[in-house]
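Let's walk through this protein together, one neighbourhood at a time.

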Amino acid sequence: MSIRFEDLNYQRTAVASVVNALEGQVRNTFERANLYGIHANVVDLTPEQIRENMRRVIAANGIPEEDANLSGDRDICIEMETGTGKTLVYLRTAYELHKAYGLTKFIILVPSVPIREGVLASFNDFGDALEQRYGFKITPSEYDSAVVSRLKSFIEDARPQAMVMTIQAFNAENRILNDPNRDDSYNGKTFLQALGDTRPILIMDEPQEGMDTENAVARIATLNPQFRLRYSATHKVIKNRLYRLTPADAYAQNLVKKIEVLSVVEKNDEATLKIELADIKIATGKNTTAPPQAKLKLWRKMASGKFEWKTSPWLKVGDNLADKSDNISYRDFTVEQVWKNLKGDGAWRVKFRNGVEIVKSERGGDYAALFGVQLHYLIRQHFKKKDALVPKGIKPLALVFIDKVENFLGDNPVIRNLFREEYAKAHQDHYGRHAPPDQVEDVQGFYFAKTAKGDFTDSQAAMAKNAAIYDEILRDKTELLRIGNPREFIFTHSALGVGWDNPNVFSIATLNVAYDENRKRQEIGRGLRICRNQVGQRVYDAPDVKEGEEINLLTIVPNESYETFARDYQEQIKDVYGDASQGSPLRRKHKGQDARNVIHRTARFESDEFKRFWERLAKRTNYTVAFDEDALVRRASEALDTIVSETYQAEVTLTRVRSVSGEGVVGEYVGGEVEALRPEFARLDLIEELSESTGLAYPTIFNILSRIENLSAVVANPVRFLTAASAAIKQIEVEEMIRALHYKPTGESIPLSDLLPTIETSFPVEPTPLRGVYDGVAYESGPEHAFTKAAEADGEVICFLKLPPCYRIPTPVGMYEPDFGLVLKRRKLRTSDEQEFYFVVETKSTNNIDDQRGLTEAERLKIRCAMKHFEALGIVAMLDYVPYAAPVRDYHADFKPKVPQ
């Protein structure tokens, strides 16, 4: 099986966001880029040019400057939701940077061995497709400071190359890298200095994972990168954020799997001996020799007689938990030691005399039963998914995060034993027959680090040093997608928690007692990718697939309540985006059952007012588009004549050296000039490039270019001209399409019978008993919710409803489904005359149709098309008002003024 390459619009936009930041850069040649045997990236744009390029990029991407956090640093942040293909995006970015500007040196810095192996696997998966697409190949290599030949090749070779290294390997001091006295040194420079002289483009994969520490920043600076390209879904340091694909965007555009949460949570567990290390107090001041004390969360008996999960007072060595909590369950728990492990992970611990030890950020207790329930429902869900997906050529996988390696591979492997038991029971229940013992073992795959002695461990240090255990899951992870491969359940501790994913992970269980909430979004991300079939092709859901019947549906099985899980997940989203609504919607399950809301039709469905509304505004239309090519050619050529291209220039600065000493060179600025240069641009097929970017045929592009007189702009900077010309032509295409769009009624209407008597939904519901055609509205956004509440409270509203999926309007950019249908009745006080008004309403977070931040291009086009659809119904003149209101942000400010007085 080979992974199929896909050319996706949002990925192209992310790639172009970086490439366009260097717009106007002259292409590197061998002569420009080679100095004394070191082949380097040359970027001679001024800071002002780069900053202006970045402003254009964020404007095109709808990112405000305050969100982009523009700065003079040569950092670029590309923010993409986990599972949307950021690795392929930055690989393509490297190819595009070489294609556009001749840049050849790329260093990919990753936080761990698993991610490094994943990047190398991606080069292998997409290498042939990228070479075929671009006509050249970027050679990848794995960084090893001891393999001098790789370093020399990277430093000297004029061909495009990518070196993949972990931050741990690069941070380590190395004698070879820092030795200036080698026979093969570069004019007395160390290999590290020569590596910096290549001025690489540094691609930072998940930079928040250890690349922004003081030590890492200092080490990275020695590479002297031209640009630092930061790729993550969860940036901590944000500089020049040029592109953003939020979880909400990815979810709404079906770029990732839908998510459901199958919650398994304890209740009535006051006697479970659950304990949590909440806080540590260290003595300060004069009494620094006093031992540390701890606060624990545990079940405490209150004055009312009830038990509550509360924090204890400060505890010291010798304190008995039963005395401090008035809970005899903790009778055998007496504090023996409060300490911090200096040799291991550095975490605080509390040890009790009965041998129990708890670690900060973990809960202690008997979790075997809870883990067993989680495994039971995980396996059941997996069997259901397997039955549905294997006939479609899709092999589902389940990923299980566990608390300790010893619970799977130790002398008493609690989790492994539980899995064997639960798999056997679930197999008998689901298939009606026993599972063969070898099958129970074969379906399990585990990925933990190995020490030099051959022992498995959950030590992060051991994981960073060991690559052998990742071969199947990373270097050949497509083998896991093969239906004949027996492994279906993958167990891991934290080795796969960040950076690794597999498109066919459909279920994730968290069998751990750690409550580090920062892990939640990363763990979910391991299963967000759209799945692939047996030929490596992505399999998407149909646009009209029913909720709950999607192929791409990820089931999360946490050991906490849905409310806790959702709150923590949304808090992480809020931390990153400032708004929890940017996160992916979560569907709720409890023990395998959907928590669905049901709404019913009301008597208003039979009312004359609603039937009149439906008769007038539920008519079907079809459309035709007839481009006026002459107008398109004329307008495009006129627009291209207005393009101004900056000439190729050099900024010349004179600095006088005043002194040279062991401490450095002291210079004095004398003056500077800007000189025009005579460029030698790479050959460019303007017709081919414009045709590819605009979708227009070669003859049409030729007609446009043959009419322009602004040839000096083409010659001055062909790349800048091409970018501006493409944007201008595409805008004119859109305007001409809308202008030439004609709708015509078909004579048919959407049948009222298509409105179901009851609707089941997992979205939240706002009750509408007073004025709803249904007794509730399932809302999917804040504006929809606000509109529903306002309409329900408006005394002039006779009836309204959230329009069903059958209410669809065809447009050239896809089917459009408006939000609401609404009937109002307004009485004139002087004459007592009553008049009915019928509206179709589209709610959005903006009331400006030209708001590129609040509306996507497709949304703006669909609204404009809908305006023409309602005009074509022939009822505007009869009604004496426009029955379509869009976009509406506020009911009273944006919608009610459209109702005639």
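In this predicted model, helix α23 (residues 629-640) and helix α25 (residues 698-707) pack at an angle of about 45°, and they are therefore oblique to each other. Their axes are 8 Å apart, and the crossing of α23 and α25 is right-handed. On the α23 side, the contact is made by Glu-629, Val-633, Arg-634, Ala-636, Ser-637 and Leu-640. From α25 come Thr-700, Asn-703, Ile-704, Leu-705 and Arg-707. Sorted by class, this contact of α23 with α25 has five nonpolar, three polar and three charged residues.

Helix α25 also packs with helix α24 (residues 686-694). Here the angle is about 120° and the axes are 9 Å apart. Once again you can look for the handedness: α24 passes α25 in a right-handed crossing. Leu-686, Ile-687, Glu-688, Leu-690, Ser-691 and Thr-694 of α24 meet Tyr-698, Ile-701, Phe-702 and Leu-705 of α25. By class, the contact of α24 with α25 has seven nonpolar, two polar and one charged residues. Leu-705 is worth a click, as it is listed in the contact with α23 and in the contact with α24.

Now step back to the whole chain. The protein chain has 31 helices and 38 strands, and buried residues make up 50% of its 901 residues.

Leaving aside residues up to four places away in sequence, His-742 touches Asn-622, Tyr-623 and Thr-624. Is His-742 buried, partly exposed or exposed? With a relative accessibility of 47%, His-742 counts as partly exposed.

Next, turn to a sheet. Three strands form an open sheet in the order β14-β15-β16, with antiparallel pairing. β14 (335-340) and β16 (357-359) stand at the edges with a single partner strand each, so one side of each has no neighbour in the sheet. Neighbouring strands in this sheet are turned by 15° against each other on average, direction ignored. Between β15 (residues 348-352) and β16, which run antiparallel, there are three bridges. To find your place in that pairing, look for Val-350, which stands opposite Ile-358 in β16.

Eight of its ten residues are buried, so β37 is largely enclosed by the rest of the structure. Strand β36 (residues 820-827) is joined to β37 by eight bridges, and these two strands run antiparallel. In that pair, Arg-827 stands opposite Glu-834 of β37. β37 also pairs with strand β38 (residues 884-888), this time in the parallel sense and over three bridges. There, Thr-843 has Val-888 of β38 as its bridge partner.

Stay with β38 for a moment, and look at the backbone. Most residues other than glycine have a negative phi, and most peptide bonds are trans. Ala-886 and Pro-887, however, are joined by a cis peptide bond with an omega of about -15°. Pro-887 lies in strand β38.

Arg-199 is not a glycine, yet has a positive phi of about 45°. You will find Arg-199 in the loop between α9 (191-197) and β7 (201-205). Glu-206 also has a positive phi, near 55°, and is likewise a residue other than glycine. Its place is the loop between β7 and α10 (214-221).

Which of these residues is buried, and which is partly exposed? Arg-199 has a relative accessibility of 25% and counts as partly exposed. Glu-206, at a relative accessible area of 3%, is buried; the cut-off for buried is under 20%.

Conventions
Residues are numbered from 1 along each chain as its sequence is written. This is a predicted model: local features need pLDDT of at least 70, side-chain atom pairs count only at pLDDT 80 or more; totals for chains, interfaces and linings use all residues. Side-chain values use heavy atoms; hydrogens and water are left out. Axes are lines fitted to C-alpha atoms, for helices over the stretch in contact, and angles run from 0 to 180 degrees between N-to-C directions. Helices (H or I, at least four residues) and strands (E, at least two) are DSSP runs, numbered from the N terminus. Angles under 35 degrees count as roughly parallel, over 145 as roughly antiparallel, 65 to 115 as roughly perpendicular and the rest as oblique. A crossing is left-handed if the near helix is turned anticlockwise from the far one by less than a right angle, and right-handed if clockwise. Contact means heavy atoms within 4.5 Å. Ala, Val, Leu, Ile, Met, Phe, Trp, Tyr, Cys and Pro count as nonpolar, Asp, Glu, Lys and Arg as charged, and the others, Gly among them, as polar. Two strands pair if DSSP finds at least two bridges between them. Buried means under 20% relative accessible area, exposed over 50%, partly exposed in between (1.4 Å probe, protein chains only).
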